[in-house]
There are 2 protein chains.
Amino acid sequence: MTRRPTLTVVGATGAVGAVMLQILSQHADIWGEIRLVSSPRSAGRKLAVRGEETEVLALCEEALEGTDVALFLVPEEIAAQWAPIAAAKGAVVVDNSPAFRMDPDVPLVVPEINPHAVRVRPRGIVASPGCTTLALIVAVGALHAEFGASELVVSAYQAASGAGQDGVAALRAQLSVVAGTELGSHPGDVRRAVGDDTGPFPGPLALNVVPWSGTPGEDGWSSEELRIREETRKILALPELRVSATCVRVPVVTAHSVSVHARFERPVTVARAHEILATSPGVVLYDDPAAGDFPTPADVVGTDPTWVGRLRRALDDENALEFFVCGDNLRKGAALNTAQIAEAIGAELAAP
Amino acid sequence: MTRRPTLTVVGATGAVGAVMLQILSQHADIWGEIRLVSSPRSAGRKLAVRGEETEVLALCEEALEGTDVALFLVPEEIAAQWAPIAAAKGAVVVDNSPAFRMDPDVPLVVPEINPHAVRVRPRGIVASPGCTTLALIVAVGALHAEFGASELVVSAYQAASGAGQDGVAALRAQLSVVAGTELGSHPGDVRRAVGDDTGPFPGPLALNVVPWSGTPGEDGWSSEELRIREETRKILALPELRVSATCVRVPVVTAHSVSVHARFERPVTVARAHEILATSPGVVLYDDPAAGDFPTPADVVGTDPTWVGRLRRALDDENALEFFVCGDNLRKGAALNTAQIAEAIGAELAAP
């Protein structure tokens with residue numbers, strides 16, 4: 001291929017799409033044409049990418065013709081329907097949805113961890129993991145390479161934007177109801193003030209936390225919790241890894257946090273773990289609590305890396321570490337990882 | 001003793017004191033005189049207890065004379081100084097602060113778990129555990145009695161009122177700054193809007209979570225995290241119990257939540273765990289996520305029990321359970337447990 005590869009962004013008008021357009025304008029420009037596609041409802045709008053106003057096309061077969069790489073930043077059911085169509089037309093699809101993540105013929109890729117996996121894609125589809133998996137996997141993968149991971153117990157503090165623009169709108173609307181009030185001290189008063197319309201969340205999120213995200217899976221697990229287990233096992237190529245995840249939504253706009261208890265095959269030290277994390281690509285070690293240095297969503301939102309702090313060795317287990325990670329769920333947790341995969345494919349296609 | 005015992009509430013004007021006065025007005029009245037005491041700064045105010053306006057006395061030796069039971073609802077350093085003075089004057093002290101919790105001559109009591117411990121008090125002092133320990137211990141203790149606890153990995157979602165009235169004021173002030181804005185999408189914008197005065201928290205709490213509470217302990221642990229381990233071991237009489245705790249402050253006014261991974265000596269089933277929790281005193285089982293039933297702070301604030309939901313067996317460990325607990329950190333987490341201990345002592349003193 002002597003020309004630059006053509007890129008199509010399906011879902012350009014959503015929350016993740018908006019971040020993708022920023023990234024495409026900021027990263028080294030390896031693309032020829034960039035085509036923007038959305039649902040018919042949002043088509044016709046003009047959006048800026050690489051400094052040019054570009055009209056958004058409605059998703060249809062024609063819009064997917066003649067593209068080398070197609071990014072799918074759309075809900076699962078849309079990706080399930082349209083990604084195979086794009087692949088059949090010759091595009092390499094990079095899908096941000098859960099639709100193909102557990103398909104054995106679709107690689108699930110985090111470029112810092114398993115970059116080689118991107119090259120074997122029998123269906124012409126490469127999947128990007130979910131935002132909570134991405135919040136923890138870069139740090140966990142780096143420590144796994146040294147110590148050998150055997151068990152993860154993780155509790156997530158998930159931001160509203162993980163549920164899309166509707167989630168952010170619901171949180172902002174609820175906050176303006178409760179701010180400046182004395183609400184929050186009596187049972188149900190936040191629930192009554194917010195009313196029955198809690199947006200995409202199964203309870204009020206302002207002045208509250210909601211221990212649920214996703215759809216009901218088997219035996220009381222949520223789909224998001226099961227996905228963290230399945231995705232982590234697949235990315236690390238550890239099909240027996242013990243994983244227990246609990247997902248809780250918190251009143252934060254953007255940036256997921258995860259409290260991680262990680263057990264390893266070999267004994268660990270904080271000093272060696274610090275060395276590893278301080279030199280791992282995609283990780284920022286920010287860990288001096290006595291000086292007030294630990295990551296919080298307010299500090300990491302809008303940034304690319306996974307931030308790691310609060311690293312301790314378990315007091316009762318010389319093989320286990322505790323730590324706290326924060327990452328922007330719209331950047332590394334979605335658009336950035338998808339863009340990194342696409343850039344690896346673009347470089348491969350452009351190679352002589 | 002033929003007369004009713006005299007009760008002194010030290011710290012009557014604080015956040016926990018306010019809840020204590022409610023409880024004393026609501027519970028069966030076993031007390032003779034109830035005396036209210038506070039710092040000299042707040043003394044002279046009149047507060048209602050049992051329907052009577054009562055003047056608050058300044059803390060001094062005289063105010064502690066002739067009382068049978070003295071409740072200390074004050075910061076650690078005040079309790080460390082004054083509780084032994086009250087005990088020397090003949091009072092049985094019930095201390096809500098951390099000052100004496102780990103003293104081997106001071107029992108640490110949760111009436112649902114170790115009620116017998118209250119009777120052996122060589123220093124005349126009984127301690128009540130911290131609010132995060134109390135959020136989880138009633139449920140964990142009930143399951144331990146059946147399955148034998150061997151390891152806990154817990155991540156807390158701590159409310160602002162755990163840091164007292166200053167914590168609540170800081171959260172409310174920050175919320176009125178950020179509500180109705182677009183803040184929360186760019187690094188540092190919440191931090192800049194809130195400014196350097198983040199109250200008792202080491203970072204902004206509105207639209208954020210802060211993975212720290214307490215003071216720096218050894219090896220990167222916070223004092224609150226170490227206390228959860230020490231207190232849980234002492235209450236359950238399991239000095240070897242493996243405990244890893246992570247404390248994170250969330251923008252909730254009142255009610256702590258904890259995500260618990262509990263490993264036991266014996267295999268567990270969700271069905272049996274449900275039976276145990278549904279019949280344990282002080283616990284409400286609220287666990288049907290498909291119907292939207294799981295505890296959240298907004299639902300449990302102002303109530304007495306520990307609420308338990310999201311119960312699952314670990315997928316990769318037949319000896320481990322995951323669950324999510326919520327409890328009001330000012331009621332069971334502080335004033336209620338202290339009142340329950342005092343009522344047990346009051347009944348003992350009143351017995352012929």
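This is a predicted model: local features need pLDDT of at least 70, side-chain atom pairs count only at pLDDT 80 or more; totals for chains, interfaces and linings use all residues.
Chain A is superposed on chain B by a rotation of 180° with 0.0 Å of shift along the axis, at an RMSD of 0.0 Å. That is the relation of a two-fold axis. The same surface serves both copies, as 100% of the contact residues of chain A recur in chain B. Each side is represented in the contact by 74 residues from chain A and 74 residues from chain B. Between them, the two chains bury about 5,900 Å², of which 57% lies on carbon and sulfur atoms.

Polar interactions also cross this interface. Between chain A and chain B there are 37 residue pairs in polar contact and 14 salt bridges. Strand E9 (residues 242-249) of chain A supplies seven residues, the largest share of the side of chain A that touches chain B.

Over all chains, the structure holds 46 salt bridges. One of them links Glu182(B) to Arg172(A), with an N to O distance of 3.9 Å. Glu182(B) is in the loop between helices H4 (165-178) and H5 (189-194) of chain B, whereas Arg172(A) is in helix H4 (residues 164-178) of chain A, so the pair joins two chains. Glu182(B) is exposed, at 61% relative accessibility, while Arg172(A) is buried, at 15%.

A further salt bridge pairs Arg310(B) with Glu225(A), the closest N and O atoms lying 2.7 Å apart. This pair also joins two chains, because Arg310(B) belongs to strand E12 (residues 306-313) of chain B and Glu225(A) to helix H6 (residues 223-236) of chain A. Both partners are buried, Arg310(B) with a relative accessible area of 0% and Glu225(A) at 1% relative accessibility. Arg310(A) and Glu225(B) likewise form a salt bridge, with their closest N and O atoms 2.7 Å apart.

Within chain B, the side chains of Asp29(B) and Arg4(B) form a salt bridge (3.6 Å, N to O). Asp29(B) is partly exposed, with a relative accessible area of 33%, as is Arg4(B), with 46%.

Strand E10 (residues 256-264) of chain B is largely enclosed by the rest of the structure, because eight of its nine residues are buried. E10(B) pairs in the antiparallel sense with strand E8 (residues 149-158) of chain B over eight bridges, and Val260(B) in E10(B) stands opposite Val154(B). Strand E13 (residues 320-327) of chain B also pairs with E10(B) in the antiparallel sense, over eight bridges. There, His261(B) stands opposite Glu322(B) of E13(B).

Conventions: Residues are numbered from 1 along each chain as its sequence is written. Chains are lettered from A and ligands numbered from 1 in the order in which they are written. Side-chain values use heavy atoms; hydrogens and water are left out. Buried means under 20% relative accessible area, exposed over 50%, partly exposed in between (1.4 Å probe, protein chains only). Helices (H or I, at least four residues) and strands (E, at least two) are DSSP runs, numbered from the N terminus. Two strands pair if DSSP finds at least two bridges between them. Copies are superposed by least squares on the C-alpha atoms of residues with pLDDT of at least 70 in both. Contact means heavy atoms within 4.5 Å. Buried area is the accessible area (1.4 Å probe) that two parts lose on being put together, summed over both. A salt bridge is a side-chain nitrogen of Lys or Arg within 4 Å of a carboxyl oxygen of Asp or Glu. A polar contact is a pair of N or O atoms within 3.5 Å; within protein, one must be able to donate a hydrogen and the other to accept it, and residues adjacent in sequence count only if both atoms are side-chain atoms.
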